[in-house]
Amino acid sequence: MKPMGAIPADYAGDALVMGGRGVADLIAEAGDTPAFVYDLGVVAARVKRFRAAFPGVALHYAIKANPFAPLAVAMAGLALAAGARLGIRPRLAVRVNPDFEIRGSGMRMGGGAKPFGVDAAEAAALVRTIIAAGADWRGFHIFAGSQALDAAAIVEAQTATVALAAELAGAVGAAPPLVNLGGGFGIPYFPGDRVLDIEAVGAALAETLAARPAVLAETRFAIELGRWLVGEAGVYLTRIVDRKMSHGETFLVVDGGLHHQLAASGNFGTVVRRNYPLAVAGRLGAAPEEEVSVVGCLCTPLDRLGDKVGLPYADVGDVIAIFMAGAYGASASPQAFLGHPAPCELLVGKA
Ligand SMILES: *Cc1c(COP(=O)(O)O)cnc(C)c1O
């Protein structure tokens with residue numbers, strides 16, 4: 001048997017319950033399987049924890065992590081919406097490609113040649129042009145990495161980001177109204193992944209900001225999170241449509257697949273395929289009874305959602321829950337590939 005990631009603590013219990021409702025209820029309200037269900041209560045708890053750890057720092061939501069409209073609307077009330085107001089005078093912030101990245105982050109967004117952002121060396125000149133053209137310069141956005149679980153590495157990157165913002169402000173000759181420190185707070189998908197200590201990051205950032213250079217005295221700071229806010233709030237529910245043996249290996253074929261939840265198949269930005277946490281939705285707590293591979297319904301060997309995992313016996317009609325599905329799931333998967341219908345999506349729970 002191969003290991004899989006741990007089920008998030010939000011879903012302790014013998015059967016999957018989200019927003020106070022059981023699996024059959026959730027699927028009935030979503031419409032059918034396959035379905036993504038998001039729990040607003042989990043998101044609200046993350047927002048609350050962020051606010052306690054980062055007093056005085058604004059929270060932005062990186063909507064690309066999960067643009068499901070009911071969730072985005074609910075979050076607009078929880079986090080400061082990042083949308084620009086419509087105006088005659090353009091409001092512009094400059095995304096800077098820093099010369100550093102978050103050490104060990106899952107996806108590198110800075111350091112060296114990058115297709116996005118303005119190289120740090122050219123940023124000050126661009127901002128001067130923006131100001132001279134009469135636009136409303138809002139500040140800098142410096143995003144150095146994603147899916148980072150090491151608090152010390154994030155602290156290092158945030159410290160370097162504040163220093164870079166101060167250096168650029170000096171070169172521009174004007175203070176940025178806002179410095180967006182980027183996102184990148186990771187969540188534990190796989191066995192051995194640690195849980196990020198955001199309180200340690202918050203404490204270190206408070207110290208860095210208390211000692212910041214004078215040019216940034218009036219600057220507001222923001223952190224823009226996607227994955228950490230919504231990743232663990234989502235569960236992908238997919239029903240077993242066939243149970244088959246091939247060369248001694250048991251396959252549970254489900255009605256969903258990588259066209260909805262590409263990341264769980266290991267084909268979204270990972271080098272080595274590892275198992276996301278998954279379970280038989282009605283029997284989360286049950287001990288494993290057999291080794292199975294959970295495969296999607298697409299006719300490609302890439303469509304493997306669980307590789308040789310231990311599960312209690314499950315058969316046609318049972319629902320498999322795949323966790324960590326709230327960020328970069330439905331909207332980051334190739335839904336049109338092989339022509340199956342789109343997944344149902346449902347928001348449950350209360351803030
Ligand atoms: C995606 C993105 C974020 C959020 O990234 P997460 O790793 O999901 O927190 C922040 N800033 C920018 C510019 C982004 O593109």
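This is a predicted model: local features need pLDDT of at least 70, side-chain atom pairs count only at pLDDT 80 or more; totals for chains, interfaces and linings use all residues.
Visitor: Which residues of helix α3 are buried?

Guide: An α-helix has 3.6 residues a turn, so residues three or four places apart point the same way. In α3 (residues 69–76), L71, A72 and M75 are buried (under 20% relative accessible area, 1.4 Å probe, protein chains only). They lie on the same side of α3 because they cover an arc of only 100° around the axis. These buried residues pack against α2 (40–53), β4 (58–61), α7 (227–230) and β18 (344–348).

Visitor: Which residues touch the most other members of the largest nonpolar core?

Guide: A nonpolar core joins buried Ala, Val, Leu, Ile, Met, Phe, Trp, Tyr and Cys residues through side-chain atoms within 4.5 Å. Of the 105 residues here, L16, F54, F140 and F185 touch the most other members. Helix α5 (residues 151–172) gives the largest share, eleven residues.

Visitor: How is the ring pair of Y11 and F323 classed?

Guide: A pair of aromatic rings is described by the distance of the centres and the angle of the planes. Rings of Phe, Tyr and Trp (its six-membered ring) pair if their centres lie within 6.5 Å; planes under 30 degrees apart are stacked, over 60 edge-to-face, the rest tilted. The count comes to eleven aromatic pairs. The Y11 and F323 centres are 5.4 Å apart with planes at 45°, so the pair is tilted. Y11 and F323 are 312 residues apart. Both are buried.

Notes. Residues are numbered from 1 along each chain as its sequence is written. Side-chain values use heavy atoms; hydrogens and water are left out. Buried means under 20% relative accessible area, exposed over 50%, partly exposed in between (1.4 Å probe, protein chains only). Helices (H or I, at least four residues) and strands (E, at least two) are DSSP runs, numbered from the N terminus. The arc is that of the directions from the helix axis to the C-beta atoms. Contact means heavy atoms within 4.5 Å.
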